[in-house]
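Here is my notebook from a first look around a new structure. Come and read along with me.

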Amino acid sequence: MKVLIIGTGYVGMNTGVVLAYLGNQVTCLDVNEEKIAMLRQGKSPVYEPHLEETLQLVMNKIQFTSSYTEADIPNTDVVFITVGTPSLPDGNADLRYVRQAAESIAENLGEKFTVVVNKSTVPIGSGNWVEAIMHEHFNSNHDGQKADFNVVSSPEFLAQGSAMHDSFYPDRIVVGSQCERSVERLQELFSPILRQDFPAPPGLPRPEGLTEVPLLVCDLTSAEMIKYAANAFLALKISYVNEIGRLANKVGADIQAVSKGIGLDKRIGNRFLSAGLGWGGSCFGKDTAALVATARDYRLEMPIIESARAINYGQRVLAVDLLQEKLKILKGKHVALLGFSFKPNTDDLRDAPSIDISKLLIQRGALVRAHDPVALTNARSHYGDIGVVFCNEVGEALKDAEAIMLVTEWPEYRELDWESIPRVPIVDGRNFLDRERLEGLGFPVIGIGR
Ligand SMILES: NC(=O)c1ccc[n+]([C@@H]2O[C@H](COP(=O)([O-])OP(=O)(O)OC[C@H]3O[C@@H](n4cnc5c(N)ncnc54)[C@H](O)[C@@H]3O)[C@@H](O)[C@H]2O)c1
């Protein structure tokens, strides 16, 4: 099929590359011309394992543009909207990019039936809103012509760091539409993924036993709600274990043993049960805030989700408090932060715990040096002014450090030459380091909930 992707961020690039790999003719459009210039050279503007390698395999099936006219919408079968939907100060999602994309699509529609799939995470009800904007915009640009398109919701569930894997081998695909033509077209487009009958790309082997992926077809509003409800559930699972971790710390239990014991119960499962600094990233914070804001429109409270948010952001303060308790005085102390991205295998810093932690440490008088294997370019360009010294080498961050805080569980931090590092207190914000070994070497190690 001929597919157009609007927005070449983490979601758009993965979707585009996967659909091109499956044999479709894909155009990726972004208003950011710098990104388009990079992509035309086969370079990914975001760091995501396997993305650039797979992109280079499909360069003959994919093209890049920043022009809606060049994108040839009249001959396109499916248009995906994958633009950002960041948070507004009141928690609602900022839909300005979705509106711009919808208007530009409507302006350029032709006579052929087009399916417009919204993959951006948008507040419940936004699919209808997009359709209404498109009709309005189409009518004011196409005198007397009748628009032939349908807006579908197909939320994205990928996780950064394993986005390519998650896109080729998803747990499910959700299609929210009551238009038979749209559902049939998407069923056909997604059929290699649903049937799992494509050759696995290099470096991304198919999970053992995966022979098909379930497709859930439902109404548009339910599809939009599934995305928010799923993210909120994962977020509160993390906050739940962090709340239990706080009590574990008081009563002298070890949250890692407790998590293991809980997670072995198949009804609960062991994922998203690691105590630590909590979630960050572009989704959980903004999506839980948007869900609470939507409920507010209906004069409904969401106390479970609001508590999950409070616990999550409290973990960042807790980590600094733990360090302060150990050092007594933070003023003038050199603290090395290991990791700045919100999780390993990404360069994304949106809502990263490292930012709040750095600001809090600096506010309490500490001197902060931070290292990250891939996020330093982003860190310098977005957070160059918060007072953190960003270090290209981990040794530079550790030099003269009077305390260490592990913020992101990049595997290489486990493998540091710990024997050569002065024995200063370590706050292991992810319960990730080899605590026994480090304690054996003489490091005082403070875990979270341990
Ligand atoms: N990142 C994730 O892990 C993830 C997972 C699931 C869902 N989502 C959702 O997917 C959406 C996209 O997220 P992302 O992380 O890929 O965002 P992103 O910020 O990385 O990318 C968005 C891109 O859209 C482009 N854009 C903005 N307005 C445009 C327009 N009018 N026309 C063309 N391009 C335009 C921007 O330049 C940017 O490159 C969000 O709604 C997000 O909540 C993200």
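This is a predicted model: local features need pLDDT of at least 70, side-chain atom pairs count only at pLDDT 80 or more; totals for chains, interfaces and linings use all residues.

**Entry 1: helix α4.** I began with the span of α4: its end C-alpha atoms are 19 Å apart, which agrees with the 18 Å that its 13 residues should cover at 1.5 Å a residue. The expected span is 1.5 Å times one less than the number of residues. Helices (H or I, at least four residues) and strands (E, at least two) are DSSP runs, numbered from the N terminus.

Residues are numbered from 1 along each chain as its sequence is written, and side-chain values use heavy atoms, leaving out hydrogens and water.

Which residues of α4 are buried? I listed Val 98, Ala 101, Ala 102, Ser 104, Ile 105, Ala 106 and Asn 108. Buried means under 20% relative accessible area, exposed over 50%, and partly exposed in between (1.4 Å probe, protein chains only). Their cover includes β1 (2–6), β4 (78–81), β5 (114–118) and α5.

**Entry 2: His 137.** I then moved to α5 (residues 126–141), where His 137 is found. His 137 counts as buried because its relative accessible area is 18%. Leaving aside residues up to four places away in sequence, I found His 137 touching Glu 103, Ala 106 and Glu 107; contact here means heavy atoms within 4.5 Å.

**Entry 3: the ligand.** Which residues come nearest to the ligand? Of the 29 around it, they are Asp 30, Lys 35, Thr 85, Gln 160 and Lys 286; a residue is near if one of its heavy atoms lies within 4 Å. I noted an N or O atom in the side chain of Asp 30 at 2.6 Å from a ligand oxygen. For Lys 35, a polar side-chain atom lies 2.7 Å from an oxygen atom of the ligand. The protein buries 91% of the 840 Å² that the ligand exposes when taken alone. These areas come from the Shrake-Rupley method with a 1.4 Å probe. α1 (10–21) and α4 (96–108) are the elements that give two or more residues to the shell, and α4 supplies the largest share, three residues.

**Entry 4: helix α1.** I checked α1 next and saw that eleven of its twelve residues are buried, among them Met 13, Asn 14 and Leu 19. From first C-alpha to last, α1 reaches 17 Å, close to the expected 16 Å. After α1 comes Gly 23, with a positive phi near 105 degrees.

**Entry 5: two positive phi values.** Most residues other than glycine have a negative phi. Gln 196 is not a glycine, yet its phi is positive, about 55 degrees. I located Gln 196 in the loop between α8 (191–195) and β8 (215–218). Arg 299, also other than glycine, has a positive phi near 55 degrees, and sits in the loop between α11 (284–297) and α12 (303–327).

Is each one buried or exposed? Gln 196 is buried, at 7% relative accessible area, whereas Arg 299 counts as exposed, at 80% relative accessibility.

Technical notes: A polar contact is a pair of N or O atoms within 3.5 Å; within protein, one must be able to donate a hydrogen and the other to accept it, and residues adjacent in sequence count only if both atoms are side-chain atoms.
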